Amino acid sequence: MQRLEDKESLRALLIHGWRALDRKDWRTWIECWSEDAVLEFGPWERIHGREAILAKVIEAEAPYATMQHHILNMDFEVRGDRATGIGYMWFVAVTSPTATASPYAMGGPYDWEFTRDTTGWHLTRQRLGVWWTTGEDPRKTFTEAN
């Protein structure tokens, strides 16, 4: 039963955090991460530390009019206070308020690592790849190293 509860807690952590991203509630989102977390994302360099991750994501996503972060096909493996997970991303962004009919979208695999401490589960590492894109990303935020 504990393993099932842990898996549901991990799923809830991600859904809670990524819905916060959609609202640009940066603080709620970053609280899902451990202090020494690592983010690895296709076109970006590896980012170390919660505050550095937060700064990069705000820089990248704040200019978009609206966003939807979908996390699909999540699966977790729990071993005590550590866990791993996989899933798929489907990200959609309206690049400007007048471009709602032609959003930018991308998708790819998530690969997560988590740890649990006295406050609950936190992301310690996220690897995210880009397998496909559609539409135009005029800022080139997600298509070129920057």
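Two strands count as paired if DSSP finds at least two bridges between them. Helices (H or I, at least four residues) and strands (E, at least two) are DSSP runs, numbered from the N terminus. The model is a predicted one, so to speak of local features takes a pLDDT of at least 70, side-chain atom pairs count only at pLDDT 80 or more, and totals for chains, interfaces and linings use all residues. Residues are numbered from 1 along each chain as its sequence is written, and side-chain values use heavy atoms, with hydrogens and water left out.

On one side of the bookkeeping, β5 pairs with β4 in the antiparallel sense over 12 bridges, and Phe91 has Met106 of β5 as its bridge partner. The link from β5 to β6 is a hairpin through two residues.

Buried stands for under 20% relative accessible area, exposed for over 50%, and partly exposed for anything in between (1.4 Å probe, protein chains only). In soluble globular proteins, nonpolar side chains tend to be buried together.

As for Trp33, leaving aside residues up to four places away in sequence, the residues it touches are Trp18, Val38, Leu39, Arg50, Ile53, His122, Leu123 and Gln126 (contact means heavy atoms within 4.5 Å).

Gln126 also features in the cavity picture. The structure holds one cavity of 30 Å³ or more, and about 180 Å³ of space lies in the largest cavity. Of its 17 lining residues, Val57, Glu61, His69, Gln126 and Leu128 are the closest to the centre. A cavity here is a set of points, on a 1 Å grid over the protein atoms alone, where a 1.4 Å probe fits but cannot get out, and lining residues have an atom within 4 Å of a point. Grid points are joined across faces, edges and corners, and the volume is the space filled by probe spheres set on the points. At least two lining residues come from each of α1, β1, α3, β4, β5 and β6, with β1 giving the most, at three. By type, the lining splits into 14 nonpolar, two polar and one charged, where Ala, Val, Leu, Ile, Met, Phe, Trp, Tyr, Cys and Pro count as nonpolar, Asp, Glu, Lys and Arg as charged, and the others, Gly among them, as polar.

Lys24, though not a glycine, has a positive phi of about 60°; Lys24 sits in the loop between α1 and α2 and is partly exposed because its relative accessible area is 25%. Asn73, in strand β3, is also not a glycine and has a positive phi of about 50°. At 59% relative accessibility, Asn73 counts as exposed.

How values were computed
1 Å grid on protein atoms, 1.4 Å probe; cavity = no way out; pocket = protein on both sides within 12 Å on 5 of 7 lines; lining within 4 Å.
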